[in-house]
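Reader: Got a model open here. Can you walk me through it, starting with the aromatics?

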Amino acid sequence: MSKVVFVGNVPYNMGEEQLIEAFKTVGQVVGFRLVFDRDTGKPKGYGFCEFAGTADSILNSCSVSISDKDILFKLV
């Protein structure tokens with residue numbers, strides 16, 4: 001079973017592959033989608049990450065800081 005989690009407060013200068021590597025500390029990443037502004041093509045600072053496992057196991061281990069920013073995780 002997998003769960004999709006909203007990921008906020010993402011640094012604008014990071015790509016999807018870099019974020020996937022960082023989120024592997026939380027759990028097994030099944031997929032990740034960074035959201036971009038359709039007019040400018042720039043990242044909006046949030047995305048959606050799909051983790052393998054249960055919601056409890058994911059949220060209990062969600063503590064990631066990147067570039068001195070605490071990443072926000074919320075169940076979708």
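**Aromatics and strands**

Author: Tyr46 counts as partly exposed, at 26% relative accessibility. Buried means under 20% relative accessible area, exposed over 50%, partly exposed in between (1.4 Å probe, protein chains only). This is a predicted model: local features need pLDDT of at least 70, side-chain atom pairs count only at pLDDT 80 or more, and totals for chains, interfaces and linings use all residues. Residues are numbered from 1 along each chain as its sequence is written, and side-chain values use heavy atoms, leaving out hydrogens and water.

Reader: How many aromatic pairs are there?

Author: The count comes to four. Rings of Phe, Tyr and Trp (its six-membered ring) pair if their centres lie within 6.5 Å; planes under 30 degrees apart are stacked, over 60 edge-to-face, the rest tilted. Tyr46 and Phe48 make an edge-to-face pair, 6.3 Å centre to centre with 85 degrees between the planes.

Reader: Is Phe48 buried or partly exposed?

Author: Partly exposed, with a relative accessible area of 25%.

Reader: What's in the hairpin between β2 and β3?

Author: Six residues lie between the strands, and Gly41 has a positive phi near 80 degrees.

How values were computed:
Two strands pair if DSSP finds at least two bridges between them. Helices (H or I, at least four residues) and strands (E, at least two) are DSSP runs, numbered from the N terminus.
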